[in-house]
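Keep the sequence and the 3D view open while reading.

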Number of protein chains: 2
Amino acid sequence: MLAIRGIAMSIDRRGFIAASALLSSRVLAEETAAQKPMTQSHGSSPRRPLRRIATEEAFATPEQMAGMIGLSRSGWENLDMGLWRAWGRLQPGQANRLHDQLLDLEEVRIKEMDDNGVHMQVLSLTSPGVQQFDAPTAVSIAQDANDKLAAVIARHPNRFCGLAAFAPQDPKRTPQEMDRAINQLKLNGFILNSHTNGEYLDDRKFWPMLEAAEALERPIYIHPRCPSDDMAKPFRDYGMAAGICGFHTETALHATRMILGGVFDQFPKLQIVLGHMGEGLPYWLYRIDHVWRSTGSPDRLKTGPMDTFHRNFVVTTSGVNDPKVLKFVIDQLGADNVMWAIDYPYEVTKPAVDFMNTAPISEEERHKLFYLNAERVFHIPAV
Amino acid sequence: MLAIRGIAMSIDRRGFIAASALLSSRVLAEETAAQKPMTQSHGSSPRRPLRRIATEEAFATPEQMAGMIGLSRSGWENLDMGLWRAWGRLQPGQANRLHDQLLDLEEVRIKEMDDNGVHMQVLSLTSPGVQQFDAPTAVSIAQDANDKLAAVIARHPNRFCGLAAFAPQDPKRTPQEMDRAINQLKLNGFILNSHTNGEYLDDRKFWPMLEAAEALERPIYIHPRCPSDDMAKPFRDYGMAAGICGFHTETALHATRMILGGVFDQFPKLQIVLGHMGEGLPYWLYRIDHVWRSTGSPDRLKTGPMDTFHRNFVVTTSGVNDPKVLKFVIDQLGADNVMWAIDYPYEVTKPAVDFMNTAPISEEERHKLFYLNAERVFHIPAV
């Protein structure tokens, strides 16, 4: 009781709106009380209670689910089809953890957050988003998903914020939806799932969307999807198409194409977020920059690959609960450019929370990774 | 003179054979004298003078060069063809740095080594080796290259050792050449340049060669080549086919296929060397292991991906002179599993030497990376 009163007071002092939601959470309540000494002692960081904002958290809409299951029955042997094909075989009412948790927003999900001390999820339509649909379907399912996302955020403004889906298949109409997502729906950025039919954002036909994101001052999270049909063959075996190999291969390739293709000379303020500890690129920055300078045409870019990465990219920890990689990434990019993520429901919440709770970093860094950077990058109001 | 006398004495005490070669090198001489205090103080490591053994150093034979140039004129748009196509356009006698330095073994190369304090190069036939030829041509050019390699090592036994080329296109005859390379030619291991016509060493038809390498107790260095025609398309732009992206994408994919395909359950003592700081795999070990355990069929492998990597892989620093990556790799794999490399002549010798001379690691670690690990992995006699 004392602990719960403790939070209620602290909430009042900070104008925290979702007091009732917080009070329903035993873990959040106990932690908020317990961490007070820590927040008093972490030196130069703001004297705020620790807040856990998970930044790569997936959901599906029924329309996306139905559309993808339909596609998965078309015989298209795209690497992304596996899970949807399996979900298409579920009997009506048959439980399936991933399928059900993707479609759930307010039941199991919020309880999981409460039980593990997660204050907020940054929601995004699960991979591959709308990128496998024909253009009209993609536009329609993205708009609907953004509406649904805005609605659930309105009901739980301190538990959710969200990234807007958009349809790269229609790059001329899409900037309008991007504007609506930010200025009307008040979403916090954009999500793209790597290639669209084997094409990447270095292709100038997509640049109106990059121009929109830069003008709206909101980041694009480039989330993985499996390698395109143009390079699928060696990834078909041993379950390598997704998290084991294909996801980071594909997404690092995409980001590299954007950097070398001059995207950030054209849009120097565009912010890109990469999950999975930067999809390996922090490891390769020296080599990419060095080989580009040694063998390429450095004068084709105003800003080289390494400087571009430091200026235009922020990474998250999704799916990589490895303290050694975390230390390296902070060392390489700085603690201002790393955000915490779970990758719910594909990853389990508790290990991701435990990982960041106990990571061998300073308390100031922990506050940055858990919420301060996310508040800055996604324009999330402080509480 | 004092310095030179200093080394001569130290050489005598240790039975160092190539005294005259060493004495011809001003840099080597001065350094050996200068480093004495360091070698006295690096704790538990052997009290030996620092020796620099560079472990991924390329050469070409005239026969390989002619064969590859011939292939490059065939119209085959394979990603590896670029350099060979350019070399095919050279006029007779026209100088080209890379072309000339690959074909040179005893002139510019040894002078470069002397000038930069490199005691030994572990030589290997440059990528893609013989792997693009038809089987009889590949067998013949590999045998010839191994003979030439043994001959140059015989002339400079303390400046060179070497890895044998072999022809995966003929997996039944190749074990015989592998045996000859070790037991007759006294070479130190094997070099393979990733895929062969889009096929990887997880394919059981190649396993007689893995069995031979394990039985001969010599490592296979899996060097990069560009992605195969099966996945080439997205790598064709912006010079991404090689060091910027294609090389490590391809080689990490290959190693991952080997691990997940059960190669190391079958050959638990097989040693694989990966260049370029392990082609990124040290960064991904947690995630590969975790996703494999979460979504795959862990019981299909006796030893999981992370344990396999720690048991069966050693990495080199070739082309990645980044002290932060080096620190991370040592932290992840241990200093016994990292070897120094230059990647001569594709990379410049001096920055690679300076990098390892000044890397923020202990002197014990520096001795391991510069020569102790290479002596162990490649069976190079101590001097």
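The model is predicted. Chain A holds 19 helices and nine strands. Of its 383 residues, 63% count as buried. Take the contacts in chain A between residues at least 6 apart in sequence: 77% of them join residues at least 24 apart.

Two packed helices are described by the angle between their axes and the distance between the axes. The table gives both values for each chain.

| Helix pair | Residues | Angle | Axis distance |
|---|---|---|---|
| α10(A) and α11(A) | 174–184 and 207–216 | about 20 degrees | 9 Å |
| α10(B) and α11(B) | 174–184 and 207–216 | about 20 degrees | 9 Å |

Angles under 35 degrees count as roughly parallel, so α10(A) is roughly parallel to α11(A). The angle likewise makes α10(B) roughly parallel to α11(B). The crossing of α10(A) and α11(A) is right-handed. In chain B, α10(B) also passes α11(B) in a right-handed crossing.

Which residues of α10(A) and α11(A) meet? From α10(A) come T174(A), P175(A), M178(A), D179(A), I182(A) and N183(A). They meet P208(A), M209(A), A212(A), A213(A) and L216(A) of α11(A).

In chain B, α10(B) contributes T174(B), P175(B), M178(B), D179(B), I182(B) and N183(B). The α11(B) side is P208(B), M209(B), A212(B), A213(B) and L216(B). The contact of α10(B) with α11(B) divides into eight nonpolar, two polar and one charged residues.

**The nonpolar core**

In soluble globular proteins, nonpolar side chains tend to be buried together. Here the largest nonpolar core has 250 residues. Those with the most contacts inside it are F190(A), L326(A), F378(A), F190(B), L326(B) and F378(B).

Take L326(B). Beyond its neighbours within four places in sequence, L326(B) is in contact with M277(B), T317(B), V338(B), F355(B), M356(B), A359(B), I361(B) and L369(B).

**A loop residue, F235(B)**

F235(B) sits in the loop between β6 (220–223) and α12 (246–260) of chain B. Is F235(B) buried or exposed? Its relative accessible area is 1%, so F235(B) is buried.

What does F235(B) touch, leaving aside neighbours within four places in sequence? From chain A, M231(A) and L253(A) are in contact with F235(B). Its contacts in chain B are L79(B), P227(B), M240(B), A241(B), C245(B), G246(B) and T249(B). I330(B) lies 95 residues from F235(B) along the chain, and their C-alpha atoms are separated by 30 Å.

Key. Residues numbered from 1 in each chain as written. Chains lettered and ligands numbered in written order. Predicted model: local features only at pLDDT ≥ 70, side-chain atom pairs only at ≥ 80, totals over all residues. Heavy atoms only, no water. Axes fitted to C-alpha atoms, helices over the stretch in contact; angles between N-to-C directions. Helix = DSSP H or I, 4+ residues; strand = E, 2+ residues; numbered from the N terminus. Parallel < 35°, antiparallel > 145°, perpendicular 65-115°, else oblique. Left-handed = near helix turned anticlockwise from the far one by under 90°. Contact = heavy atoms within 4.5 Å. Nonpolar A, V, L, I, M, F, W, Y, C, P; charged D, E, K, R; others polar. Core = buried A, V, L, I, M, F, W, Y, C linked by side-chain atoms within 4.5 Å. Buried < 20%, exposed > 50% of the residue type's maximum accessible area, 1.4 Å probe, protein only.
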